[in-house]
4 protein chains.
Amino acid sequence: MNIGFVGLGIMGSAMAANLLKGSYRVTVWNRSAEKCRELAQQGAVIADSPRAAAESSDVVIAMMANPDAVRSVRDGSDGIIAGLASGKGLVDMSTVDAETSRESADLAQQKGALFLEAPVAGSRKPAEEATLTIMAAGDRELYDTVLPALEKMGRKIMFVGETGSAARMKLANNLVMAGMLTALCEGMALASKSGLDEAQLLDVLDSGAVSNPMFRLKGPQIAANGEFPVAFPLKHMQKDLRLALQLAESVGQPLFATAAINELFKAALAEGWGDLDFAAVGRTVRK
Amino acid sequence: MNIGFVGLGIMGSAMAANLLKGSYRVTVWNRSAEKCRELAQQGAVIADSPRAAAESSDVVIAMMANPDAVRSVRDGSDGIIAGLASGKGLVDMSTVDAETSRESADLAQQKGALFLEAPVAGSRKPAEEATLTIMAAGDRELYDTVLPALEKMGRKIMFVGETGSAARMKLANNLVMAGMLTALCEGMALASKSGLDEAQLLDVLDSGAVSNPMFRLKGPQIAANGEFPVAFPLKHMQKDLRLALQLAESVGQPLFATAAINELFKAALAEGWGDLDFAAVGRTVRK
Amino acid sequence: MNIGFVGLGIMGSAMAANLLKGSYRVTVWNRSAEKCRELAQQGAVIADSPRAAAESSDVVIAMMANPDAVRSVRDGSDGIIAGLASGKGLVDMSTVDAETSRESADLAQQKGALFLEAPVAGSRKPAEEATLTIMAAGDRELYDTVLPALEKMGRKIMFVGETGSAARMKLANNLVMAGMLTALCEGMALASKSGLDEAQLLDVLDSGAVSNPMFRLKGPQIAANGEFPVAFPLKHMQKDLRLALQLAESVGQPLFATAAINELFKAALAEGWGDLDFAAVGRTVRK
Amino acid sequence: MNIGFVGLGIMGSAMAANLLKGSYRVTVWNRSAEKCRELAQQGAVIADSPRAAAESSDVVIAMMANPDAVRSVRDGSDGIIAGLASGKGLVDMSTVDAETSRESADLAQQKGALFLEAPVAGSRKPAEEATLTIMAAGDRELYDTVLPALEKMGRKIMFVGETGSAARMKLANNLVMAGMLTALCEGMALASKSGLDEAQLLDVLDSGAVSNPMFRLKGPQIAANGEFPVAFPLKHMQKDLRLALQLAESVGQPLFATAAINELFKAALAEGWGDLDFAAVGRTVRK
């Protein structure tokens, strides 16, 4: 199976490199050519357009930053879709909304090709170490075909349903993350105002059944209220909370806690903290 | 240092046994004598009243189920206080409210004795394996004296401040736990109503930065919506949420998310689920 | 000034009749011709299409049930827009979203015509008695021109800003209504569960500074929990709450109370009460 | 029927004057004697202690500022209780909590006397114009006896149940008031941030079914965000919200909207606005 790989950012470069290590033949394309050259040294072939990457491959993977970036490499005369044909497959591993995925699925289908949305959970390090979690949705047949390749990039791979399901799964995942973090922020604010030591609270939490890496990472940042290193921008988390509430509304599920949490994120946005890490909601909580 | 140990329930028995293993001389008392005999086989001396346990020891530890039980062994002519004297110490490892601890501190002080509240986080297994987390508060001098003994019973021991601080620390800890669990319940309810597989959501969560033992334990219980094994009754968690909100009010800290979460727990109580595990709040969320 | 009037439902018929009483020349169109004949008896001319109503008038008023109905009389070869020309004006008195209004404004402008959105507050009786409240927004020049005619239909007429502002004003108005009603429902539920007489609470409220017609009308319905006569369907109120929260998000305004209230309305919708009056949220509150 | 009247503040003076106008024989006592002299000019007899006022009357009315003030005239050798005897009655028209009322009822009963709690809704002007709303609870027999006298002071008099019920009724009433005001504040904040004119929103609200005196009074104050004249201090309203939530908890009634509203009031308190009028919550909403 020849694989095209479009989008060589921090994540994409590492993922394509892992495919090469796994002995796949990989044809790459990236807006900035420099990243292509790095991959070429590891054995990749360089395509001169997303379309060319698709034409020379059985399956083309896209790994772009957002829906607009996906459209920019997907559509148009030089786009991936233009290079698809019957029997080929498009696997979009970018994090996009369900709408964008359904568009991609329709466009692929019109060319007789198959489509899979396959967003990942995890950041640079898991990408390099091939320990990503990959949630795939769409054409099951394509999933079965590309599973061995996905296993070169991630540790936990799962098929979650029809196109759009992976996007929804990420919303549910992010809702839980935002809720956990807000609970932590409220607990820490209460501790602090009550004359307790927040570091000790973090210690207590970490020594019990709720111990988790996110609290270990972000707890001290929240206590310091400093310059949160941006793992996931607050404005993106608030957008996901909004989308989760809209999805909940459409399926008749009230979410009382999430609604309150969303307002806290909105208040943080109104303070101008949208580009900080989402842990900056702690500032709003302790105001 | 001779240690008195009053209260040999599931937790107390294991803790006293660990003190004996650590070569302490331990004098025990329990309402039901049978538990005393088990400890005697491991080397304990049996006292015939809480007072006697205190009289024959340098430091007496109480490990009772709730504030009323503490008072029953603490007060009266056969109570621990009656056996205290200048230079002795009382360490209450029961989970009680700040009010009860301050009472105990006052009563000990009137006898010239020192006092420490030292509630534990962790249940039967950590008690047996001596891996409890112990939050101590009150007289620092007594803390320094008993620390070697506490280290026989727990793995993480911390001094968190003046009397009452340990009770407040537990409230902050429980607030975070309730918030995390509610976030999980809302995420799972959203997943379920959106046609996603809740087990897969649990898988995604467990493969990322929020992975934690509580989700692994309770997530499948919530999905099954069955007969939650009671680790911590819902009515006790709701009581702690109420106390946390009261504490927050007294220190000027709004808690928007916790307030919403408390209403969900109240709704669950109103449904009659107070004696179930607190994970039963998931039933209320998904109604 | 000749006036075209499109849409002779309960509201439109009464409003057009008031224009006729005010000595305006009115050309009417309605999907069902019977309503036209009633107005003709009061002096109206009957047009055979929305376009004809616009062609024969200086200003054409639309009074339709919802955005789709507006589009059905506005667009196409027989629609109002087709009958507009430079110097004419379109006044849409239907309750529509800001988006639909901006579409209408654009379409009118392409024909050189002016546009005003002018939704009304009030139902059948105020329409008949010409005591409606009319919120107008869009072209100020057109507002000044039609003000004398609007004054034949309403008692309080105000110009609230650029196109879309009237729709936003209705959202703010409905947000307050929903909040008031929910506060009433929670107060009544508390009274009832506490062994108080809800009718007495309504009496107390009505004898003080918060006395208002909505409480007098809906309070007894909520207490009876019967078959709420539908003044404003719950599903429409929930939609307005959602739109208000979206608007608030776009302008950086957190709305903690409204977010909680919206979840209560969503819970009521999930129970299947969307077609009942919005006072049915009281059922959800007291569950 | 001879009436004792203890407490001649702004409210009490006006109420006692209305009893005198109604031809009752009234014996007054007040901490500051000057107020007594004003009443004496209108025909009142002056007592030299609360006890004396009770001894010389069939029924003694107390109208104090708060529970502590009630206790100061009720208890002790010069207090009202000391002057009660079998067949007499005590009517406490102060606003107190249910606890204080039950204490008063017990103390009166021990002297063979009857007790009524009868807090009022309304401020100075209704007190002067005898248009207060009076909620009475306790001994029905005493209610029937004093009703003619109550009718000299108020326009709407109602018996709401056993001792404590009137206090609970006030909580339910205040919960609704706080909810209405918060809904208004959120609507106004949304209007303002969306470029609408808040005065126009107030106009729209006032021309519809939700028109009420509180919005007319406080709406412009909230828009101006100035020095709210204090009709009811924010800290007292927050206390009532807390008590209402506690009552709700004790009777198994979740209050999602009120819980969020209470947090807004707590946030306002934390800002230091407790002594401002409760309309100052508008500042917190629009932050």
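Helices here are DSSP runs of H or I with at least four residues, numbered from the N terminus. With that settled, one more point before the details: this is a predicted model.

Leu243(D) sits in helix H12 of chain D, which covers residues 234-250. Is Leu243(D) buried, exposed or in between? A residue needs 20 or more other C-beta atoms within 10 Å to be called buried, and 12 or fewer to be called exposed. Leu243(D) has 18 such neighbours, so Leu243(D) counts as partly exposed. For a sense of distance, take Ile222(D): 21 residues separate Ile222(D) from Leu243(D) in the sequence, and their C-alpha atoms are 25 Å apart in space.

Strand S1 of chain D spans residues 2-6, and four of its five residues are buried, which makes the strand mostly covered. Which strands pair with S1(D)? One is strand S2 of chain D, residues 25-29, which is joined to S1(D) in the parallel sense by five bridges. Within that pairing, Gly4(D) has Thr27(D) in S2(D) as its bridge partner. Another is strand S4 of chain D, residues 59-62, which also runs parallel to S1(D), with four bridges between them. There, Ile3(D) is bridged to Val59(D) of S4(D).

Helix H1 of chain D, residues 10-21, forms a right-handed β-α-β unit together with S1(D) and S2(D).

Next, chain C and chain D as a pair. Chain C can be superposed on chain D with an RMSD of 0.1 Å, using a turn of 180 degrees and a shift of 0.0 Å along the axis. The two copies are therefore related as by a two-fold rotation axis. The same surface is used by both copies, since 100% of the contact residues of chain C recur in chain D.

How many residues does each of these chains bring to the contact? Chain C brings 58 residues and chain D brings 58 residues. On the side of chain C that touches chain D, the elements giving two or more residues include strand S8 (132-138), strand S9 (154-161) and helix H10 (198-206) of chain C. The most comes from H9(C), with 19 residues. By class, that side of chain C has 33 nonpolar, 18 polar and seven charged residues.

Chains A and B come next. Here 59 residues of chain A are in contact with 59 residues of chain B. Among the elements of chain A that give two or more residues to the side touching chain B are helix H11 (213-224), helix H12 (234-250) and helix H13 (256-270). The largest share of that side, 19 residues, is from H9(A). The side of chain A that touches chain B divides into 34 nonpolar, 18 polar and seven charged residues.

Last, the domains of chain A. Chain A is split into domain 1, residues 2-161, and domain 2, residues 168-285. Their C-alpha centres are 31 Å apart. Domain 1 of chain A puts eight residues into the contact between them, and domain 2 of chain A puts in six. On the domain 1 side, five of the residues are nonpolar, two are polar and one is charged.

Conventions: Residues numbered from 1 in each chain as written. Chains lettered and ligands numbered in written order. Predicted model: local features only at pLDDT ≥ 70, side-chain atom pairs only at ≥ 80, totals over all residues. Least-squares fit on C-alpha atoms with pLDDT ≥ 70 in both. Contact = placed C-beta atoms within 7 Å. Pairing = 2+ DSSP bridges. Right-handed = clockwise from strand over helix to strand, strands pointing away. Nonpolar A, V, L, I, M, F, W, Y, C, P; charged D, E, K, R; others polar. Domains from an automatic or database assignment.
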